[in-house]
Amino acid sequence: MLKMKFLHMAALSLLALIPLNMNSKESYIFLADGVEEVEAVATVDALRRAGMEVTTVSIAESPVVTGATGQKLVADSLIADINTAEADWIIIPGGVPGAPNLHANKTVNEIITSHWNAGGRVAGICAGPAVVLAPTGILKGKQATCYPGLEQDLINAGATYVKAPVVVDGKLITSEGPATTLDFAKAIIAATLGQQKADETLSGMLLITHDN
């Protein structure tokens with residue numbers, strides 16, 4: 001009886017070492033000077049609450065990034081030090097000049113393109129879809145949204161612009177801007193871990209979902 005109790009306790013100990021999300025893969029969100037802080041920080045916050053592995057990446061030589069409103073963000077890693085070959089999501093926030101700075105970075109464009117062409121998932125918000133994703137060509141034939149006023153960039157890239165807080169089209173998720181950030185994060189969680197997990201996570205944060 002004592003032996004059985006010991007084995008049961010040992011099994012529980014081993015289970016405690018197993019991640020709850022066995023299919024968890026690392027996702028990356030890229031930060032440049034001028035990034036919209038809400039879109040970056042709130043997205044990472046919600047995804048991590050759901051149990052997703054998310055790494056913030058500075059595209060500069062320093063992990064310290066100055067946001068659009070002057071807030072200092074410290075990234076987890078530098079772009080020169082990461083390997084996105086096995087990444088789940090590549091996430092692109094907006095902000096000015098954050099989005100233009102991401103667009104101007106050759107490595108960021110290469111990562112987005114190679115990840116998408118390999119069947120990976122990409123998400124962008126605010127100016128991100130129009131300024132960063134559209135020029136890479138990955139939006140062609142897709143439905144997408146962006147910050148109001150930048151719609152023509154999506155259309156010129158071959159996308160169908162949809163006026164909505166969040167648009168999900170297969171492995172692509174796009175969103176409008178700062179106020180839709182948690183809706184954006186919820187869509188990413190739902191696509192990764194299921195709708196129930198997304199609902200649980202965001203209801204715990206008291207999210208009031210925007211109507212499309």
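The model is predicted, so local features need pLDDT of at least 70 and side-chain atom pairs count only at pLDDT 80 or more, while totals for chains, interfaces and linings use all residues. Residues are numbered from 1 along each chain as its sequence is written, and side-chain values use heavy atoms, with hydrogens and water left out.

## Overall architecture

The secondary structure of the protein comes to 8 helices and 11 strands, where helices (H or I, at least four residues) and strands (E, at least two) are DSSP runs numbered from the N terminus. Of the 212 residues of the protein, 48% count as buried; buried means under 20% relative accessible area, exposed means over 50%, and partly exposed lies in between, with a 1.4 Å probe and protein chains only. Among the contacts with a separation of 6 or more, 64% come from residues 24 or more positions apart, a contact being heavy atoms within 4.5 Å.

## The sheet and its helices

An open sheet of mixed pairing is formed by 7 strands in the order E5-E2-E1-E6-E7-E11-E10, and two strands are said to pair if DSSP finds at least two bridges between them. Because E5 and E10 stand at the edges with a single partner strand each, one side of each is left without a neighbour in the sheet.

E1 and E2 run parallel and are joined by 6 bridges, with Tyr28 having Thr55 in E2 as its bridge partner. Between these two strands the chain passes through H2, and the resulting β-α-β crossover is right-handed, which is to say that, with the strands pointing away from the viewer, the path from the first strand over the helix to the second runs clockwise. E2 is largely enclosed by the rest of the structure, because 5 of its 6 residues are buried. E2 also pairs with E5 in the parallel sense over 2 bridges, and there the bridge partner of Val57 is Ser77 in E5. Elsewhere in the sheet, E6 and E7 run parallel with 4 bridges between them, and Trp89 stands opposite Arg121 in E7.

H2 lies across strand E1 (26–31), strand E2 (53–58), E6 and E7, and runs at about 155° to E2. Helix H7 (residues 181–193) lies across E6, E7, E10 and strand E11 (172–175), and runs at about 170° to E7. For both angles, axes are lines fitted to C-alpha atoms, for helices over the stretch in contact, and angles run from 0 to 180 degrees between N-to-C directions.

## Salt bridges

Side chains of opposite charge can pair when their charged atoms come close. A search of the whole structure finds 6 salt bridges, each defined as a side-chain nitrogen of Lys or Arg within 4 Å of a carboxyl oxygen of Asp or Glu. The table includes three of them.

| Asp45 | Arg49 | 2.4 Å |

Asp45 and Arg49 both lie in helix H2 (residues 37–49), 4 residues apart, or about one turn of the helix. Asp45 is partly exposed at a relative accessible area of 31%, whereas Arg49, at 53% relative accessibility, counts as exposed.

Asp88 lies in the loop between strand E5 (77–78) and strand E6 (89–92), and Arg121 lies in strand E7 (residues 121–125), so this pair ties together parts that are 33 residues apart in sequence. Both Asp88 and Arg121 are buried.

## Two residues in their surroundings

The side chain of Arg121 also reaches the backbone oxygen of Ala191 at 3.0 Å. Leaving aside residues up to four places away in sequence, Arg121 touches Asp88, Trp89, Ile90, His115, Lys171, Ala191 and Thr192.

Ile189 is found in helix H7 and counts as buried, at 0% relative accessibility. With the same exclusion of residues up to four places away in sequence, Ile189 touches residues including Ala46, Leu47, Ala50, Met52 and Leu202. Ile189 and Asp199 are 10 residues apart in sequence and 9.0 Å apart in space, C-alpha to C-alpha.

Conventions. A polar contact is a pair of N or O atoms within 3.5 Å; within protein, one must be able to donate a hydrogen and the other to accept it, and residues adjacent in sequence count only if both atoms are side-chain atoms.
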